[in-house]
Amino acid sequence: MTHRRAPLRRVTVNGDSMRPGLEPGDRLLVVGFLRPRPGDVVAVVDPRDAGRVLVKRVAAVDASGGGLITVLGDFPEASTDSRTFGAVDRSLVLGRAVYRYWPEGRRGRLQG
């Protein structure tokens, strides 16, 4: 599956890796043209499986211009992230998650 950078996209959180801030089933609005910064939640193509999209937090952005981003889950014991597959190329980042639109009771802006 090929993922193209879209201005807006919707993603669903799967698994426990982003608990407690994000729960499995949370649905997020992702903006593709916002540059990821440390602390931001992003949607990123899994570097091991291009058909899978991960939701992770940006831990570091390569300041030397190399284009690499370190992404980590908030719950390390349940997360497969840069600790497993290393930093990812910026081109794999689909965008920054800015808003949770489901479930209704948890709806609202996401803070970095």
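Q: What percentage of the 112 residues in the chain do buried residues make up?

A: Burial is read from relative accessible area: under 20% is buried, over 50% is exposed, and partly exposed lies in between (1.4 Å probe, protein chains only). In this chain of 112 residues, buried residues make up 38%. The model is predicted, so local features need pLDDT of at least 70 and side-chain atom pairs count only at pLDDT 80 or more, while totals for chains, interfaces and linings use all residues. Residues are numbered from 1 along each chain as its sequence is written, and side-chain values use heavy atoms, with hydrogens and water left out.

Q: What share of the contacts with a separation of 6 or more comes from residues 24 or more positions apart?

A: A contact means heavy atoms within 4.5 Å. Among contacts in the chain with a separation of 6 or more, residues 24 or more positions apart account for 53%.

Q: Where is Pro47 found, and which residues does Pro47 touch?

A: Pro47 is in the loop between strand E3 (41-45) and E4, and is partly exposed at 40% relative accessible area. Not counting residues up to four places away in sequence, Pro47 touches Phe85, Val88 and Leu92. Gly86 lies 39 residues from Pro47 along the chain, with 9.2 Å between their C-alpha atoms. The loop that holds Gly86 runs between helix H1 (82-85) and strand E6 (88-89). Arg107, in turn, is 60 residues from Pro47 in sequence and 30 Å away, C-alpha to C-alpha.

Q: Which residues is Gly25 in contact with, leaving aside its neighbours within four places in sequence?

A: Gly25 belongs to the loop between E1 and E2 and is partly exposed, with a relative accessible area of 30%. Beyond those neighbours within four places in sequence, its contacts are Thr12, Val13 and Trp102.

Q: What is the omega of the peptide bond from Trp102 to Pro103?

A: The bond from Trp102 to Pro103 is cis, with omega near 5°. Pro103 sits in the loop between strand E7 (93-102) and strand E8 (108-109). The peptide bond from Arg19 to Pro20 is also cis, with omega near 5°, and Pro20 is in the loop between strand E1 (8-12) and strand E2 (27-31).

Q: How many residues line the largest pocket, and which lie nearest its centre?

A: Rolling a probe the size of a water molecule over the atoms shows where empty space is left. On a 1 Å grid over the protein atoms alone, a pocket is an open set of points where a 1.4 Å probe fits, with protein on both sides within 12 Å along at least five of seven lines, and lining residues have an atom within 4 Å of a point. The largest pocket is lined by 16 residues, with Asn14, Ser17, Arg52, Leu54 and Lys56 nearest its centre. Strand E4 (residues 53-61) provides the largest share of this lining, four residues.

Terms used. Helices (H or I, at least four residues) and strands (E, at least two) are DSSP runs, numbered from the N terminus.
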